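Colleague: I'm new to this one. Can you walk me through it?
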Amino acid sequence: MTLSWRRLRAGRRAAKEGESGDMELTIPNHFRCPISLDLMKDPVTLSTGITYDRHSIETWIETENFTCPITNQVLTSFDLIPNHTIRKMIQDWCVEKKSFGIERIPTPRIPISSVQVTEILSKISTSSHHQNHDCQVLVAKIKALAKESERNKRCIVASGTGSVLAGAFSALSNSQHHQNVAVLEEILSALTLVFPLDGEASLYLGSPASLRCMVWFLESGDLSQRRNAALVLKETAVSSDHDHQKIDALAEIEGALEALVKLIKEPVCATSTKASLVIIYQMVNSSSSPSKEKIKERFVEMELVSMLSDILVDAERSICEKALGVLDGLCGSQQGREKAYLHALTMPVVVKKILRISDLATEFSVSILWKLCKNETREDGGVVVESLQVGAFQKLLLLLQVGCAERTKEKATDLLKALNIHRERLECIDSMDFKQLKRSF
């Protein structure tokens, strides 16, 4: 009797478990997006009357599909009307099915339109000349909207926000910028959200007043202000590859070079370090001939060569490439090469980077090595000998075997010839082990 009762109870339990295990949550068809077939989070209706999830239909339209996916009718309007009725029904359904682990979808915010952005930008242009506080509030609003969603950001960028903000920054910089620090800081922060900047924005930011103001933030600002100033300066510097006037004007501003070097010596973040290196690279490679040499001398005097050699030891790929590019530019001067000779890490770390980081890093490394060896001034040939000791000969041979750019190939071949002459003069215990090379001829 007991056995029968236990069997009966076990059978009922198994039946209940089987029933609950077989239950599947079915999403009502009218809650699904016709494109993704997933539960809609932000349902919107097209001009054809069909409702889709906003993200799916925006992606459909952005890929140049101008018909309704369901009806195949040509869209007479691209306006997406929020379907509040369906959205509330979906939210109620999610609450009802909470026991199944379904979370209630949040009420989506309506994306900003280009008309609204234009209206805000118009007010910014007006208030930047008279009412700084109002301008600051409006810029903060633009920032908040840009951070709200990727769609908002695209709309804000497409509306020419960069040029309007840059114009406001230039106008406020022309006046006593010390009195406008708060609004100028807000504009700099907003500008970092609307990269890349167009030509008009670059023109505004390249004005002497704007450059001086950004340098002031680099020198005297807090960490956030220094970062934003570096990013905007970088964007301004690289926006016009054929116009070196901005770079020359920036270099002539008192304290500019020191502020850029400080970002490398005392890093704020990786992004600001990269920005500083890009600006310095432009200065030492793109400036007009007379000023370029003076700029290099000033950077060398600030011990930038030693800083770069130290950074290269364990820098990430992007920073490594930029640091090698700057070091290559500085080694184009006699003072830069002398500093590189004196630093114990320069030769080993440069040779190590060949074929280790990227093609660009390899190109810069070979160029640095070529400049150091071909412009040898020491009578004992110490630079060439050191390059042999750290494995430059083997690295260059391997580089020619795997292939490289034509310009790099020419320098590598030229270097190999020079290194081979010195190698034959040295007495080696083991010709395949260049670490055993002696320094005596």
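Predicted model: local features only at pLDDT ≥ 70, side-chain atom pairs only at ≥ 80, totals over all residues.

Colleague: Got it. Where does Glu-64 sit?

Modeller: Glu-64 is in the loop between α2 (54-62) and β3 (81-82). Helices (H or I, at least four residues) and strands (E, at least two) are DSSP runs, numbered from the N terminus.

Colleague: Zooming out, how many helices and strands does the protein chain have?

Modeller: The secondary structure comes to 23 helices and three strands. Of the 441 residues in the protein chain, 46% are buried. The chain exposes about 23,200 Å², with carbon and sulfur atoms supplying 51% of it. Those accessible areas come from the Shrake-Rupley method with a 1.4 Å probe, and for residues only the protein chains shown count as cover.

Colleague: What share of the contacts is between residues 24 or more positions apart?

Modeller: Such residues account for 64% of the contacts in the protein chain with a separation of 6 or more. Contact here means heavy atoms within 4.5 Å.

Colleague: Which residues of α21 are buried?

Modeller: Gly-382, Val-383, Val-384, Val-385, Glu-386, Ser-387, Leu-388 and Gln-389. That is eight of the eight residues of α21 (residues 382-389), a helix that is mostly covered. Just after α21 comes Gly-391, with a positive phi of about 90°.

Colleague: Why is α16 described as largely enclosed by the rest of the structure?

Modeller: Because seven of the eight residues of α16 (residues 304-311) are buried. The buried ones are Leu-304, Val-305, Ser-306, Met-307, Leu-308, Ser-309 and Ile-311.

Colleague: Now helix packing. At what angle do α5 and α6 cross?

Modeller: The axes of α5 (residues 132-148) and α6 (residues 150-158) cross at roughly 130° and come within 5 Å. The two helices are therefore oblique to each other. Axes are lines fitted to C-alpha atoms, for helices over the stretch in contact, and angles run from 0 to 180 degrees between N-to-C directions. Under 35 degrees counts as roughly parallel, over 145 as roughly antiparallel, 65 to 115 as roughly perpendicular and the rest as oblique.

Colleague: Which residues make the contact between α5 and α6?

Modeller: From α5, Ile-142, Leu-145, Ala-146 and Glu-148; from α6, Asn-152, Lys-153 and Ile-156. By class, the contact has four nonpolar, one polar and two charged residues. Ala, Val, Leu, Ile, Met, Phe, Trp, Tyr, Cys and Pro count as nonpolar, Asp, Glu, Lys and Arg as charged, and the others, Gly among them, as polar.

Colleague: Switching to rings: how many aromatic pairs are there?

Modeller: The structure holds four aromatic pairs. In one of them, Trp-216 and Phe-217 have ring centres 5.2 Å apart and planes at 80°, so the pair is edge-to-face. Rings of Phe, Tyr and Trp (its six-membered ring) pair if their centres lie within 6.5 Å; planes under 30 degrees apart count as stacked, over 60 as edge-to-face and the rest as tilted. Trp-216 is partly exposed, with a relative accessible area of 22%, whereas Phe-217 is buried at 0%.

Colleague: What about Tyr-281 and Phe-364?

Modeller: Those two form an edge-to-face pair, 6.1 Å centre to centre with 65° between the planes. The pair links distant parts of the chain, as Tyr-281 in α14 (residues 270-286) and Phe-364 in α20 (residues 359-374) are 83 residues apart. Tyr-281 is partly exposed at 28% relative accessible area, while Phe-364 counts as buried at 11%.

Colleague: Last one: how far apart in space are Glu-301 and Gly-336?

Modeller: They are 9.0 Å apart, C-alpha to C-alpha, and 35 residues apart in sequence. Glu-301 lies in α15 (residues 289-301) and counts as exposed at 63% relative accessibility.

Note on methods: Residues numbered from 1 in each chain as written. Heavy atoms only, no water. Buried < 20%, exposed > 50% of the residue type's maximum accessible area, 1.4 Å probe, protein only.
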